[in-house]
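Subject: Structure handover

Dear colleague,

Please find the structure below. My notes on it follow.

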Amino acid sequence: MAEEITQTAPADLLALVDRLDGAAVMVVGDVMLDRFLYGAVDRVSPEAPIPVLRLEREVTMLGGAGNVLRNLSAVGAKTLFFAVVGQDAAGQEVRQLVERESADPGWIHLLADEARATTIKERYIATGQQLLRADRETSFEMAQATKEKLLAEAEEALKDVGALILSDYGKGVLPADLITRLIARANALDCPVIVDPKAVDYGCYRGAALVTPNRRELAQALGDGVQGGQSLQGDAEIVAACRSLTETAGLGGVLATRSEEGMSLVLADGDVTHLPARAREVFDVSGAGDTVVALLGAALAAGIELKDAAGLANIAAGIVVGKTGTAVAEALEIRQEIHASRLSQAEAKFVDHDLLLDQVARWRQAGFKVGFTNGCFDLLHPGHISLLRQARAACDRLVVGLNSDASVARLKGPTRPVQAETARAVVLASLEDVDRVVVFGEDTPLELIEALRPDVLVKGADYAADEVVGAKEVQAYGGQLVLAQLEAGHSTTATLNRLADKR
């Protein structure tokens, strides 16, 4: 299978965000309290060479599986929540926080186990830097009676959801036998399972649709004890590791999270998608993995394809690492980020002649069929959109040649163009069907066509084949000419005449 190196276009993802609202997801896993204690350091302790933190404020929020719940709530998903706490004050605090996140109390299954202590992670922070983390936790397996109750209730409730998330932090709530039972039950119901893994032996996750290890966890799962997973470097090694894990553990795929290098989605059928990191500035990576599995779960429950689900998860992760604490990505923030990315990608599509030739060479090396069409595109109208859609359907990558301002003025008269070439290029580049836009200054695009040597040349069917500039040259080397059907009643000139009549 060929490797796909680019992320799904943000224009595709924008329409998918609304589908997350109301998606039904089950979360089973280790819930905890995350406490953030903020203060200032202005002296060193006289008792030891350590800083003295003068506490100023404290923030407590759900962590672990609880943070997955928070992220699901942030995009409007409904969550069936299964977790275990101790019979202690922290457990009561967890219960109160969970209830705030759930619109339906009947969907909360928070079991108490008197033998356990509720996990608390305390982070001490000064001037934006974490000085210390202190953990209070129980990591042994929950009581048998508690496990049987959780399993029975979860297996019964799986019929009501579209995806299952196992949030495994290794605190004893997800022993191997419980994981195996839940995955088997979910598969019987055609309910995809996403696992945020902590086990070293991934055999217990067999049958899961997707696991989401970071680089270190991926290395450990392969028996690589190198600290931090530094032995896995570069796309090729990550992909090979993911494929090995997918085959040996019987997984549907692996989404490897790679910090500043983004994510790599490797599926059992061989398909690979590399998603670049989206964060503009990283403040805190706490809980980013929870955001990833939450968005994956909500998207799959909503019937969204796995590659698109990974694209949404990647965007959301980029948002939360730009915040402090175990943060969430709201649906509105995801939309805004997609809009921003869309504008950024549009600018990247607007290239000069030399960059375009380099890009076309890379496309050809990858086996893509390159198409070309051209025009003034002064006031973009439905006729233009139809032409571009037909052009893109005839090829794998579409280049649009755009007449420069001077060229348009010579062809259309001194009052044209209405919009400057930069504005026209940005509008064209924002369209999903357009892969690159290049401006040419000549009256015809013949020189550009001869330099690009497109596999497909597209022009409107109002031209005869022998009237299309470049057709003879393209067909001479075996290229194809496509005459696109035109939308009747649409033209820039007609639009401007109607506007003039209304003055």
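A contact here means heavy atoms within 4.5 Å. Among contacts in the protein chain between residues at least 6 apart in sequence, 71% join residues at least 24 apart.

This is a predicted model, in which local features need pLDDT of at least 70 and side-chain atom pairs count only at pLDDT 80 or more, while totals for chains, interfaces and linings use all residues. Residues are numbered from 1 along each chain as its sequence is written, and side-chain values use heavy atoms, with hydrogens and water left out.

The protein chain has 17 helices and 19 strands (DSSP runs numbered from the N terminus: helices are H or I, at least four residues; strands are E, at least two). Of its 503 residues, 51% are buried (under 20% relative accessible area, with exposed over 50% and partly exposed in between; 1.4 Å probe, protein chains only).

Strand 3 and strand 7 (residues 119–126) run parallel and are joined by 8 bridges. L37 has Y124 in strand 7 as its bridge partner.

Strand 3 (residues 31–44) also contains V41. V41 counts as partly exposed because its relative accessibility is 36%.

Regards

Note on methods. Pairing = 2+ DSSP bridges.
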